[in-house]
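Me: I have a two-chain model open and would like to learn how to read it. Could we go through it feature by feature?

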Amino acid sequence: MSVLRKMKRQRVHLLLLVPFLLFMVIFKYGPMYGSLLAFREFSYRTPFGGDWVGLKYFKTFFNSPDFSFVLRNTVVISSLGLVFSTVAAIAFAIMICEVRNAAYKKVIQTVSYLPHFISWVVVAGMAMTIFSIDELAPLNSLLLRLHLIDKPINFLGEADHFWPLITSLSVWKNIGWNSIIYIAAIASIDKQLYESAMMDGAGKFRQILYITLPSIMPTIILLFTFGLGYILNAGLDQQLFLQNPMNMKHSEVLDTYVLKYGLQQAAYSYGAAVGLFKSVVGLALIVLCNYFCRRFLKTGIF
Amino acid sequence: MRVTSGERLFYIVNGFILLLIGFLAAFPFWNIFVVSFNEGRDAMRGSIYFWPRKFSLEAYRAIFNENNLMHSTYISIARTLLGTVVGVVCTAILAYLLSNRELVFRRWILFFFIITMYFSGGLIPEFMLIRDLHLYNNFLVYIIPGAIGVWNVMVMRQFFEDLPPSLAESARIDGASELRTLRSIILPMSTPVLATIALMIGVAQWTTWFDTYMYTSGSQELSTLQGVLVKILMETQIQSTDPTQAARLEQSGAILTPEVIKMATITITTVPIVLIYPFLQKYFVGGLTVGAVKG
């Protein structure tokens, strides 16, 4: 009864919510229902697919030779990105907080955010120029001039160079932006801790090691754990634009694989199956990570 | 407080490393800017760093003479303006509705929205949906599907919930409608979070290539600047992995090269962002930490 009365009192409020709920049903829950295409044959006549075929397309994917290397690339690329971006962002945040000249600090911080605001298309475009095999290209010409190499390195065209390349690019793109949260965490540390440490004769490195790092450890663990939850999201853009037949063995990830087979080769059901596999495992990982955070850190995102 | 010599060394080294990081972040942009103003054939000789060697506006002249690129620029501007306005309005209204602590079934409604942040149907079903809704090859595909970003809504909702509830109460008692309360009480106090969300949506609109690539057939009519850039990128990619390609291009004798056209296009897409984001810095830093700490 009281719920009904409440609903009546909030009718304008609820009425305003209706279009938003509809929007979510169409644009978010629609594709969720649509992903059942993974269990059906694709058909042009029925909008959500034709005959049910069970796990056929999942089996095809798990048994295909692509499965192991696509999954490996996805996990390796996002793990490398997560570890190096986190370490770089923490180091950068600590260094920024040690700058005493406010104007200098501001300038460096502002500049460091810039790469975050541009798209991977632009980053890939820059990378293709900088890392080009041409002996006049920026990096190769520099290395040649310093006599570190005798002939240009094919950074973009060899599988072995792909992981370091993509990891450095994501560190470069995210270091400033990711440091924002750590800088906020460091700023909230009690200044008296540092003062008493200095009284005891602790130098800068000891202060960082024994005060700064332990104080921001909960933030680090929380963000890192949630990064782990997104381990299957290696990102589509960076791989897609820097990918070529020569580095394919190291650059094909789940998202590019779905795009290639599912859409460009019109294997819709197969693509939907790979996509659904990714979504389900991804959700399970996030729930698991949240559970660990709740249990051991007494905090979580939901 | 006295600074010991060890500390002085620390500050100097620290400042120097940060300078290096700043340089690495900014220099590629400056270099591209500079090369885009250099004559194309001359630029192929390399070693242009801080200033053009042979100044030339050829690349920009070519871009602005080509109707397609101008058209793409208009499309990019139109989707960014319209997309940001629609996005901010929808986000603000929804965030306000969800920030009401008394809302019936509040937990369920929140759950309904939040679950979509962690689970999605995937690329193929989304593509099918867009096609079935006749949004394929339609300008509205840039505006409608992305009108509500749940993460943005949650950040703004958090901000609204932290405002003193008595303000909205008193407006309601005075007989103001829901939207009126939002417009004249809540929004004027929410500039930081509004600026943050507007920046996020605007930058995303300006820099996305995915919808152009996925949901338009690549026709000129709906191509955005990022879409053009994707095309140029795909065309010039072979050159950066195959040394014979560059030599062939050099012999062809053209003054304009795809490389400088690429640089000029990158410059056009990047300059607006470089000019805007520093001024919104204090907002997004504040907005981000509010959202992330309490998230």
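**Packing around one helix**

Reply: Let's start with helix 6 of chain B: its buried residues pack against helix 2 (11-34), helix 13 (254-264) and helix 14 (268-297) of chain A, together with helix 11 (210-215) of chain B. A helix here is a DSSP run of H or I at least four residues long, a strand a run of E of at least two, and both are numbered from the N terminus. Buried means that 20 or more other C-beta atoms lie within 10 Å of a residue's own, exposed means 12 or fewer, and partly exposed is in between, with C-beta atoms placed from the backbone.

Me: Which residues of helix 6 of chain B are buried?

Reply: They are Leu123(B), Ile124(B), Pro125(B), Glu126(B), Phe127(B), Met128(B), Leu129(B) and Ile130(B).

Me: Before I go on, what are the ground rules?

Reply: This is a predicted model, where local features need pLDDT of at least 70, side-chain atom pairs count only at pLDDT 80 or more, and totals for chains, interfaces and linings use all residues. Residues are numbered from 1 along each chain as its sequence is written, while chains are lettered from A and ligands numbered from 1 in the order in which they are written.

Me: What average pLDDT do chain A and chain B have?

Reply: pLDDT is the predictor's confidence in each residue, from 0 to 100. Chain A averages 90, with 98% of residues scoring at least 70; chain B averages 85, with 91% at that level. Within chain B, helix 13 has the lowest mean, 60, and helix 4 the highest, 93. For the complex, the predictor gives an ipTM of 0.86 and a pTM of 0.88.

Me: How many helices and strands does chain A have?

Reply: Chain A has 14 helices and zero strands. Its radius of gyration is 25 Å, well over the 19 Å that the globule rule gives for 302 residues, so chain A is more spread out than a compact globule. That radius is taken over C-alpha atoms, and the rule is 2.2 Å times the number of residues to the power 0.38.

Me: How many residues of chain B are in contact with chain A?

Reply: Contact means that the C-beta atoms of two residues, placed from the backbone, lie within 7 Å. By that test, 74 residues of chain B are in contact with 79 residues of chain A. Helix 1 of chain B gives the most to its side, with 16 residues.

Me: Which residues have the most contacts inside the largest nonpolar core?

Reply: A nonpolar core is a set of buried Ala, Val, Leu, Ile, Met, Phe, Trp, Tyr and Cys residues joined through C-beta atoms within 7 Å. The largest has 117 residues, and those with the most contacts inside it are Val121(A), Ala124(A), Tyr182(A), Ala273(A), Leu94(B) and Met156(B). Helix 8 (residues 159-187) of chain A gives the most to this core, with 13 residues.

Me: Where is Ala266(A), and is it exposed or buried?

Reply: Most residues other than glycine have a negative phi. Ala266(A) has a positive one, near 60°, and lies in the loop between helix 13 and helix 14 of chain A. Ala266(A) counts as exposed because it has 10 C-beta neighbours inside 10 Å. Asn137(B) also has a phi near 60°, but with 15 such neighbours it counts as partly exposed.
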